[in-house]
Amino acid sequence: MTPSGRTSQSPPAALPFSPTGESGQAAIALVVILSMFLLGTVALSVDFTNMWFHRQAEQAAADSACQAGALDLLATASGLSLSKTGFTPGTAGDCASSPGATMCFYANANGYDGAGLTAGAASNAVSWSFPASVAGVTAPSSSQATNPFLTVSIAENVRTYFVSLFNLSKYQQIDASATCGVIGVNAAAPMVVLHPTMAGSFYYSGGGTLSIFGGPQRSLQVNSSSATAVEWLASGVINLSQGGPSQTGSDVAIVGGPASAPSGGYSGGTTGSWKSNALPVADPFGSVPVPASIKSLTPSTTTSGAWVPYLTDGCPDHSGSTGNPAEACKEFAPGYYPNGINLASVMNDYSTAIFLPGIYYLNGSLSASHSDTMRVAKPAGYQRTDGVMFYFLSGSLSISGGSGLPNSGIDNVAATDLTCDGSAPAASLGMPSTLSGNVLTAQCAANGTYWDAGGDTTDSRGAPGSRGLLVFQDHADTTNPTFGGSGNLTFSGVLYFHSTGYGDVLSLSGGSSSGAFVLGEIVADQISLTGSGKINLALNPAPTTNMLKVGMFQ
């Protein structure tokens, strides 16, 4: 008890949240801290978003520049002489030292001048290199493209704001690159005219008709950049109305022109079109090696051939032009023919020449005239995949006069003999079930080229495969092949005429009674279709031929 007589009491306890407390100051501090954090996050997001957008723009520019450079590599591989590329394939460079390069033009069009990086300033650099290989990509052969791959790299100094507080640099370097180039792809080769610049490299006139059936959508490719790469007279016709995968029409593609099809001179069906300013294609058989080992061989018979009677090794001639049954057909064997083969000089008129399956290496022309007939022999052990290939070191295939005229004394050939699997050719081709005149078939090869015991190629017998090279003219041989006269011609295989100077002209001519069927491809430097004959070409629907195309890899 206190002196005043009052009872002592303890002071009241403080309230938990007294109005006079300082807890509100802590809340304000928390809000400030959170605001600063959010502000920093926004600032970082702005910087990183800006860098991301620059990275995307760089990548688009690198992709564009790389593809443009790769197209130049493709054009070079296709034999076009380009004077404005501004770079040398195989030699690395950049836009600071070579601003006129193709890659620089396209990078600049996308906002990157490639003048070079400058420390502490907005700037960019564009450079390129030619890698020897690309992971996961098979390079084409060196004969098709020496430097097939291209990498374009872009580096840019990008201005940042909040990020610079951490690394003490106002600019961040952002990098992007693209790797592309040319690759070999399997594609059914169309009829290809290889000359890169000539006016009239494909010429047709008279009453002649070129009809193409089946095959890829692009049936006829003309590589010439001339504005008049295709020339015609009004009576000539290119009929592609039954070309293409669906046989409803296919395309003519021309690097140059004319820009529109001739009135009445082209029929593209319902799905075909006439396309100018197309990209060139590379020589589809440019990497195929020559059959060098054959030159060292000697034919099993003389180079003038040997007479055989009817039905021997499939001799189809039962008329016996010499009056001697033992001399029905002149038979030739594979091997080296140092002076070529002139049928008129080694057998009588109205005679038949048969060629045993294999490779014929000729240093001179194979000439058929008068009323000569040429066929493939069928000796014991003959297989459907057998055939012949005529390789011309010099000279070429020359057919004239009445060679191939129908002759009742010579048995016809079944159309099913032309295919590797024994099937009938497409009905749209209009081919009869049996064929008269000259009938020659190439070997069936897995990759559509040729095969031999000497191992000159890596190709092999097809199973069933497709008919490969029937005629293969050396690239140094400028002799022009000629398919003329008034007889019938049927070839199953590839007719390939290309010289390094683009001087090989395939002339297809003949009278109104002539007809020609080709099951396969025709590749030549120039093609001239004249007279009133008809050429019926059925392109191989199977993708067998290796051709170059541009691809983006990384």
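Which residues line the second largest cavity? Select Thr373, Arg375, Leu405, Pro406, Asn407, Ile410, Asn412, Ser436 and Gly437, and you have that lining on screen.

Before you go on, know that this is a predicted model, where local features need pLDDT of at least 70, side-chain atom pairs count only at pLDDT 80 or more, and totals for chains, interfaces and linings use all residues. Residues are numbered from 1 along each chain as its sequence is written, and side-chain values use heavy atoms, with hydrogens and water left out.

**Stop one: the cavity**

A cavity here is a set of points on a 1 Å grid over the protein atoms alone where a 1.4 Å probe fits but cannot get out, and lining residues have an atom within 4 Å of a point. Searching the whole structure turns up 3 cavities of 30 Å³ or more. The second largest cavity holds about 40 Å³ of space, a volume being the space filled by probe spheres set on the points, with grid points joined across faces, edges and corners. Its lining divides into 3 nonpolar, 5 polar and 1 charged residues.

**Stop two: the rings**

Rings of Phe, Tyr and Trp (its six-membered ring) pair if their centres lie within 6.5 Å; planes under 30 degrees apart are stacked, over 60 edge-to-face, and the rest tilted. The count comes to 19 aromatic pairs. Pick tryptophan 52 and phenylalanine 53: their ring centres are 4.9 Å apart and their planes sit at 75°, so this pair is edge-to-face. Tryptophan 52 is partly exposed at 48% relative accessible area, while phenylalanine 53 is exposed at 52% (buried means under 20%, exposed over 50%, partly exposed in between, with a 1.4 Å probe and protein chains only).

Now jump to phenylalanine 285 and tyrosine 496. Their ring centres are 5.4 Å apart with planes at 55°, so the pair is tilted. Phenylalanine 285 is in the loop between strand E13 (274–275) and strand E14 (306–308), and tyrosine 496 is in strand E32 (residues 494–497), so the pair ties together parts 211 residues apart in sequence. Helices (H or I, at least four residues) and strands (E, at least two) are DSSP runs, numbered from the N terminus. Phenylalanine 285 is buried at 2%, and tyrosine 496 is buried at 0%.

**Stop three: the disulfides**

A disulfide is a covalent bond between the sulfur atoms of two cysteines. The cut-off is a pair of cysteine sulfur atoms within 2.5 Å, and the structure holds 4 disulfides.

Start with cysteine 66 and cysteine 180, joined with an S to S distance of 2.0 Å. Cysteine 66 is in helix H1 (residues 23–77) and cysteine 180 in strand E4 (residues 171–187), so to speak distant parts of the chain, 114 residues apart. The torsion about their S-S bond is about -115°, so this disulfide is left-handed.

Finish at cysteine 315 and cysteine 329, whose sulfur atoms are 2.0 Å apart. With 80° about the S-S bond, their link is right-handed.

Technical notes
On a 1 Å grid over the protein atoms alone, a cavity is a set of points where a 1.4 Å probe fits but cannot get out, and a pocket is an open set with protein on both sides within 12 Å along at least five of seven lines; lining residues have an atom within 4 Å of a point. Ala, Val, Leu, Ile, Met, Phe, Trp, Tyr, Cys and Pro count as nonpolar, Asp, Glu, Lys and Arg as charged, and the others, Gly among them, as polar.
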